[in-house]
Amino acid sequence: MKENAGNPLHLTSLNHVSLLCRSIEESMNFYQKVLGFSPIRRPESLNFEGAWLFGHGIGIHLLRALEPEKLPKKTEINPKDNHISFQCESMGAVEKKLEEMEIEYVRSKVEEVGIQVDQLFFHDPDGFMIEICNCDSLPIVPLVEGMARSFSRVKLHQMVQPQTQIHQVVYP
């Protein structure tokens, strides 16, 4: 394996997010019906209560808390709290669906050089924050040697994969 200073652990992707929960059933229901995840087979050798789901290119591993009553109960929706974010096709459709499902949410907005990113934040049954956004409209701007250069997600992926041949593309 060739040394790569920009990726010393040779990471390839995010595999899963593991979440403690009070009720496996309630959390599975939420991640399936609200976020569209599908249950997948979990290794039988795991000797604790849990469930695995997969969707949108990542896994969600639900683990029943040993002392569920001691899990913090979050009621305030704070966009600056720990969260996982999902890109969506239509913010309007997401907002409408959240209202239909009677899920409380907070709307937020990020603006940068004429680009607007809309965000919706809400909690899962255990208070873990979920964000839905149209963040893809905001370019990824890596800081390279003190200079900011704008790249599309595809270009950034090519930049951090040295074995891939990069074709020079000029962006305005």
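1. Phe37 sits in the loop between H1 and S2, while Phe86 belongs to strand S5 (residues 83–87), 49 residues apart.

2. A word on the source: this is a predicted model, in which local features need pLDDT of at least 70 and side-chain atom pairs pLDDT 80 or more, while totals for chains, interfaces and linings use all residues. Residues are numbered from 1 along each chain as its sequence is written, and side-chain values use heavy atoms, leaving out hydrogens and water.

3. Phe37 is buried at 3% relative accessibility, and Phe86 is buried at 10% (buried is under 20% relative accessible area, exposed over 50%, partly exposed in between, with a 1.4 Å probe and protein chains only).

4. Now look at helix H1 (residues 24–33), whose buried residues are Ile24, Ser27, Met28, Phe30 and Tyr31. Viewed down the axis of H1, these fall within an arc of 160 degrees, so they line one face of the helix (the arc is that of the directions from the helix axis to the C-beta atoms; helices are DSSP runs of H or I, at least four residues, and strands runs of E, at least two, numbered from the N terminus). The face turned away carries exposed Glu25 and Lys33.
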